[in-house]
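Please read them with the structure open.

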Amino acid sequence: MDAIISARGIQKSFGNHKALRNIDLELFKGESVAIFGPNGAGKTTLLKVLSTIITPTKGDVTVNGTDVKKNPSSVREMVGVISHETYLYDELTARENLKFFGNMYGLEKSRLEERINELLEQVGLNQRADDRVGSFSRGMKQRLSIARALVHRPVILFMDEPYTGLDHQSAEAFENVLKILDRDNVTKIMVSHNIERAMHLCDRLLVMDRGEIVYDRMKEEIESLEDFKVNYSSLVCMDTDAEGVSNLP
C-alpha cells in the first residue's frame, strides 16, 4: 500500500536547536494517528513540516505523491489544519469566514453555499451562522475553526491539540465530525496530551522525544492504557516542563 504521507530524513533546526532529527515516517490513507511527547519533543514542528507551514532544513516529504518543497500550494489544497490558533476573522460572521476560506480554495459558489450550511450544522453553529465571530465563546470559535479546516474537503487533517478550549458540547461536536470523516477515508494526524481521548479516536500511536520518533505502534498491538503509560514513561526524558500526556501515574 502506498503511503499518503512519506517523510525521509527530516531535520529541522532553529539556530543551534535541532527540533527534528532524521525523521522517517510513512502514513497511510484513512489512518488516524496520535502523536504524544513532552514539550519541546518536536510534535508541532513535525506537523508544520508535513502541512507545509514550515520548510525542513533537510530531508524530503511527499503528500499524496506531491513534493512539499516543489509544490507546496498543491499540498495545501489537500490538507486541513486545526490548532489552538483559530485563524478566524472576528469582524466577519461565521458564514462569511467560511465563505472567505472557501473562495481561497476556489470552490464553486453553488457548492460552497451548500458546503457551508452542511458544516455549520455538523459543528452545531447553524443558529449562529450570521453572528459576528467576535461575539463567540472560545469553544464556539474552535468549532468554527474545525469547519474552516474542512471547507475544501481535505484528504488529510492535521490537528494540534484540537481539544484546547473545547467545552463538553464542543468536544462532542468535534468527535462527531471526525466520525463523519472516517466514512470519507480522511487521514487524520493529531498531536495531543489527552491519552484516553486520543486512544479512543486513533488507531496508531507515536511518541516523540528530543526530535525523534521513539515509539510507533498500532493500537491493536497495545495491551492496555496502563501498558502504554508504562512504555511512555520509560521512553521519554521526564525532566521537561510537562509530561506530554495527561493522567500518567
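**Notes on helix packing, burial and backbone**

1. Helix H5 (residues 138–150) and helix H6 (residues 168–183) pack at an angle of about 15°, and their axes lie 9 Å apart. H5 and H6 are therefore roughly parallel to each other; that label covers angles under 35 degrees, over 145 counts as roughly antiparallel, 65 to 115 as roughly perpendicular, and the rest as oblique. Axes here are lines fitted to C-alpha atoms, for helices over the stretch in contact, with angles from 0 to 180 degrees between N-to-C directions. Helices (H or I, at least four residues) and strands (E, at least two) are DSSP runs numbered from the N terminus.

2. On conventions: this is a predicted model, in which local features need pLDDT of at least 70 and side-chain atom pairs count only at pLDDT 80 or more, while totals for chains, interfaces and linings use all residues. Residues are numbered from 1 along each chain as its sequence is written, and side-chain values use heavy atoms, with hydrogens and water left out.

3. From H5, the contact (heavy atoms within 4.5 Å) is made by Gly139, Met140, Arg143, Ile146 and Leu150. H6 supplies Gln169, Ser170, Ala173, Phe174, Val177 and Leu181. By class, the H5 contact with H6 has seven nonpolar, three polar and one charged. Nonpolar means Ala, Val, Leu, Ile, Met, Phe, Trp, Tyr, Cys and Pro; charged means Asp, Glu, Lys and Arg; the others, Gly among them, are polar.

4. The axes of helix H3 (residues 94–104) and helix H4 (residues 109–122) come within 10 Å and cross at roughly 130°. H3 and H4 are therefore oblique to each other. H3 passes H4 in a right-handed crossing. On the H3 side, Ala94, Arg95, Leu98, Lys99, Gly102 and Asn103 make the contact. Their partners on H4 are Leu112, Glu113, Ile116, Asn117 and Leu120. This contact of H3 with H4 divides into five nonpolar, three polar and three charged residues.

5. Which residues of helix H8 (residues 225–235) are buried? They are Phe228, Lys229 and Tyr232, where buried means under 20% relative accessible area, exposed over 50%, and partly exposed in between (1.4 Å probe, protein chains only). Seen down the axis of H8, its buried residues fall within an arc of 100°, so they line one face of the helix. The arc is that of the directions from the helix axis to the C-beta atoms. Val230 and Ser234, on the other side of H8, are exposed. The cover over the buried residues of H8 includes strand S3 (32–36), helix H7 (195–201), strand S9 (204–209) and strand S10 (212–218).

6. Met208 sits in strand S9. Met208 is buried, with a relative accessible area of 0%.

7. Asp160 belongs to strand S7 (residues 156–160). Is Asp160 buried or exposed? Asp160 is buried, at a relative accessible area of 8%. Leaving aside neighbours within four places in sequence, Asp160 is in contact with Thr44, Leu47, Ile82, Ser83, His84 and Val191.

8. Two backbone angles deserve a look. Asn22, in strand S2 (residues 17–28), has a positive phi near 50°. Arg153, in the loop between H5 and S7, has a positive phi of about 55°. Most residues other than glycine have a negative phi.

Conventions: A crossing is left-handed if the near helix is turned anticlockwise from the far one by less than a right angle, and right-handed if clockwise.
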